[in-house]
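Student: I would like to go through this structure step by step. Can you help me link each term to its value?

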Amino acid sequence: MNTLVIDNKSYVVLPVKSYEALQKKAALKSRPEKVLSIEEARVHSKNLIKKWAGGK
């Protein structure tokens, strides 16, 4: 790992394998979005349509 300073900003240079490992680790920590059932999706979409239609 090397550090570069360009215009008073510090940058870190990593090998590709280390960068990919960091990306994988970060992806595992993020929570996946909630998957809705068909009924929940219908209710949610109807509520959004009502909300958008009411604003016009």
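Predicted model: local features only at pLDDT ≥ 70, side-chain atom pairs only at ≥ 80, totals over all residues.

Student: How many of the residues count as buried?

Tutor: Buried means under 20% relative accessible area. Of the 56 residues, 0% count as buried.

Student: What pattern do the helices and strands follow?

Tutor: There are two helices and two strands. Along the sequence they run β-β-α-α.

Student: What makes the protein more spread out than a compact globule?

Tutor: Compare two values. The radius of gyration is 22 Å. The globule rule gives 10 Å for 56 residues. The value is well over the rule, so the protein is more spread out than a compact globule. The C-alpha atoms fill a box of roughly 55 × 30 × 15 Å along the principal axes.

Student: Why is the contact between arginine 42 and glutamate 39 called a salt bridge?

Tutor: Side chains of opposite charge can pair when their charged atoms come close. The cut-off is 4 Å. The closest N and O atoms of arginine 42 and glutamate 39 are 3.1 Å apart, so the pair meets the rule. The count comes to one salt bridge.

Student: Where do the two residues sit?

Tutor: Both are in helix α2, residues 38–55. They are three residues apart, which means about one helical turn between them.

Note on methods: Residues numbered from 1 in each chain as written. Heavy atoms only, no water. Helix = DSSP H or I, 4+ residues; strand = E, 2+ residues; numbered from the N terminus. Rg over C-alpha atoms; globule rule 2.2 N^0.38 Å. Buried < 20%, exposed > 50% of the residue type's maximum accessible area, 1.4 Å probe, protein only. Salt bridge = Lys/Arg side-chain N within 4 Å of Asp/Glu carboxyl O.
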